[in-house]
Amino acid sequence: MTVLEQPGSYRPTPPPAWRPRTDPAPLLPDAEPYRLLGTEAAAGLDPGLLRRLYGHLVRGRRYNGQATALTRQGRLAVYPASTGQEACEVAAALALEEQDWLFPSYRDTLAAVVRGLDPVRALTLLRGDWHSGYDPHEHRIAPLCTPLATQLPHAVGLAHAARLKGDDVVALAMVGDGGTSEGDFHEALNFAAVWQAPVVFLVVNNGFAISVPLAKQTAAPSFAHKAVGYGMPGRLVDGNDAAAVHQVLSEAVRHARAGGGPALVEAVTYRIDAHTNADDATRYRTDAEVETWRAHDPIDLLEGELTRRGLIDDDGIRAEREAAERLAADLRERMHQDPVLDPMELFDHVYAERTAQLRDQAEMLRAELAAAGEPGAEQEGAR
Amino acid sequence: MMTTAVRAGRQPATMAQALRRALRDAMADDPSVHVLGEDVGTLGGVFRITDGLAKEFGDDRCTDTPLAEAGILGTAVGMAMYGLRPVVEMQFDAFAYPAFEQLISHVSRMRNRTRGAVPMPVTVRVPYGGGIGGVEHHSDSSEAYYMATPGLHVVAPATVADAYGLLRAAIASDDPVVFLEPKRLYWSKDQWDADRPEQVPGIGRAVVRRPGSSATLVTYGPSLPVCMEAAEAAVAEGWDLEVVDLRSLVPFDEETVCASVRRTGRAVVVHESTGFGGPGGEIAARITERCFHYLEAPVLRVAGFDIPYPPPMLERHHLPGVDRVLDAVARLQWESEWTETNPGGR
């Protein structure tokens, strides 16, 4: 029997300076994802919070549906929906205080909207307009990040900078299961732990990286277990239980705010829609699997809890659905207005000031626009 | 220790001392300036450029990071988002490659992506280039990669005064600057007053280091001393060479370069970086486009060979030297007609 086969069988005297840097036991996640809805513990939850979560879930689901419909109408270039994952999106946004920062991935448009970003501006990137569409400082939401996991070190740096300045700011960074395989995931968690930066990492484990399932992504017991290797607590939560995700994230945010350092939360959920409207999910998974998860729907779970406890009635449910329809109608109407882009802006914000080469190129484009009688040419003289 | 730089009046000073003083003065003037990198704290950096900074400003201002370049630059992005002015040290040119995704996908584009709302005042210091007998991965000239990325300024000082002035300008810039420090010039000396550093032109301005009338040598960074030496040696051959030090590759000072070439009618671009796909191709093309009717000869390039950086025992054959520069000058059609049989041809 080798050392690998039987840990503890070989106990040499440790090298002179060796000691464990931290006790791993409290950092380990529970064996099962944490649940609240449908359990006795749910009785202690704030009814107002549950109603807020529910309203956001219902509107969020409708938002995902409407945005996907807009891709079919040619109004959005692409939309990576978070259908089925709304509990993670909503809870992440609501777990933060006003002064905190959210670092979303490209699938987290909904979290940005719940945090207060205008739903149309949140879709600027995805409709083929400019790359961000909003000033990150306005709602303290970093730009939706496309290169996987690269936003995670940004969250660490920002939270670290805020702490150095003595500001009370926590950063919450979202990443998918696929993103955890990127090197930046590792580097961000390591920096955060070494610096004890006030950051909460939320792994939204939706089961797929486009088509690649979890088994081909990781051999770890869970993503939450990875936290132990960095010396931070890892927590595992049912990602479709909005109350549970909200509670776990809120505790992690409080812990970070109090100077306790970073934490890693894995929310186990499922991507009900395909990767994007351009993807065909039937090539890599069965309808039966999807149905299993539809039976564990985040809206149904919360609606069941609210109904059982008499916290909502049919009128209340109808009112939330009507609010969601109004949101969708507003989105439809505003997204059908074509954005006006000025081609001469291509040369702005490359640098603080245009270089001589960019001035030459701007002049060339201006002349081309003038020759074609297109707008944009006339304003250029003022720049 | 800082004491080496604190002396009265103009004294012999090394480029390393000027760089250290620039970091120190920038940190003293602006509390938002933070230095971070591998070994920059207690050790003072492997080249000692950050020596004394952690002691003077504390570990929070000059921070030894975990050994991960993408993490260093990625966290610097977040720090810049929050209003700090990070100065990142990449330990060696070839160790900067893990940070490329952060540099290209975020540092260079964040201002553009956010339409000016989130600038990236990040300075990335890169000890670069060969000639120090370094083993593999310690001698790369990686400027062409950076030049090809819109949104980055690319700066390479060649003198002690420029090392100080350009690094101060880089740190003060609201744009990201890749600051290439020619490591074989770290110990080169000039007369320099650390307490009253001379004003130098800003980033984006080239400087004529040696006026001349026969031909223009266009160069930057570690190749400047080579070109200056070549220009002196050329006097014996009857050539009066002008030497233009670009100082920054981006922005590129077309005006100064073209004004010189229009005067001399001939140009050779000299750099250590590979010739194929290297900066010299872009510079030669621009000179040709702007100065065609003034040119007496094709613009030539003297560059490193198109090979992975060679082992130290062979690097003297790879690096552009005085003889190779003079050979190129000899090929600049001094007779009325260009001939392939020119003896200087290589």
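## Helices α3 and α4 of chain B

In this predicted model, the axes of α3(B) and α4(B) approach within 8 Å and cross at roughly 25 degrees. Axes here are lines fitted to C-alpha atoms, for helices over the stretch in contact, and angles run from 0 to 180 degrees between N-to-C directions. The crossing makes α3(B) roughly parallel to α4(B); angles under 35 degrees count as roughly parallel, over 145 as roughly antiparallel, 65 to 115 as roughly perpendicular and the rest as oblique. Helices (H or I, at least four residues) and strands (E, at least two) are DSSP runs, numbered from the N terminus.

On the α3(B) side, the contact is made by Ala70(B), Leu73(B), Gly74(B) and Val77(B). On the α4(B) side, Glu101(B), Gln102(B), Leu103(B), His106(B) and Val107(B) take part. Two residues are in contact if their C-beta atoms, placed from the backbone, lie within 7 Å. By class, this contact has 5 nonpolar, 3 polar and 1 charged residues. Ala, Val, Leu, Ile, Met, Phe, Trp, Tyr, Cys and Pro count as nonpolar, Asp, Glu, Lys and Arg as charged, and the others, Gly among them, as polar.

## How the model is read

Residues are numbered from 1 along each chain as its sequence is written, while chains are lettered from A and ligands numbered from 1 in the order in which they are written. This is a predicted model, in which local features need pLDDT of at least 70 and side-chain atom pairs count only at pLDDT 80 or more, whereas totals for chains, interfaces and linings use all residues.

## The contact between the chains

Chain B gives 34 residues to the contact between the two chains, and chain A gives 33 residues. On the side of chain B that touches chain A, α3 (69-81), α4 (100-107) and α5 (110-113) of chain B each supply at least two residues. The largest share of that side, 9 residues, comes from α3(B). Sorted by class, the residues on the chain B side are 15 nonpolar, 11 polar and 8 charged.

## The sheet of chain B

An open sheet of 7 strands in chain B has the order β3-β2-β4-β5-β7-β6-β12, with mixed pairing. Two strands pair if DSSP finds at least two bridges between them. At the edges stand β3 (62-64) and β12 of chain B, each with a single partner strand, so one side of each has no neighbour in the sheet. From one strand to the next, the twist averages 20 degrees.

Within this chain, β6 (residues 153-155) and β7 (residues 177-182) of chain B pair in the parallel sense over 3 bridges. Val155(B) stands opposite Phe179(B) in β7(B). Helix α7 (residues 160-172) of chain B lies across β2 (33-37), β4 (85-89), β5 (123-128), β6 and β7 of chain B, and runs at about 160 degrees to β7(B).

## Domains and helices of chain A

Chain A is divided into domain 1 (26-335) and domain 2 (343-382), with bounds that come from an automatic or database domain assignment. The C-alpha centres of these two domains of chain A are 40 Å apart.

The axes of α1 (residues 47-72) and α2 (residues 86-94) of chain A come within 9 Å and cross at roughly 125 degrees. The two helices, α1(A) and α2(A), are therefore oblique to each other. Residues of α1(A), including Leu53(A) and Arg61(A), meet residues of α2(A), among them Glu86(A) and Val90(A). This contact of α1(A) with α2(A) divides into 4 nonpolar, 2 polar and 3 charged residues.

## The sheet of chain A

In chain A, 5 strands form an open sheet in the order β1-β2-β3-β7-β6, and the pairing is parallel. Its edges are β1 (101-103) and β6 (234-238) of chain A; each has a single partner strand, so one side of each is left without a neighbour in the sheet. The twist averages 20 degrees from one strand to the next.

Strands β3 (residues 199-205) and β7 (residues 263-268) of chain A pair in the parallel sense over 6 bridges, and Val204(A) has Ala267(A) as its bridge partner in β7(A). Helix α8 (residues 242-257) of chain A packs on the sheet, touching β2, β3, β6 and β7 of chain A, and its direction makes about 170 degrees with that of β7(A).

## Two backbone details

Most residues other than glycine have a negative phi, and most peptide bonds are trans. Ala149(A) has a positive phi of about 70 degrees although it is not a glycine. The peptide bond from Val250(B) to Pro251(B) is cis, with omega near -5 degrees.
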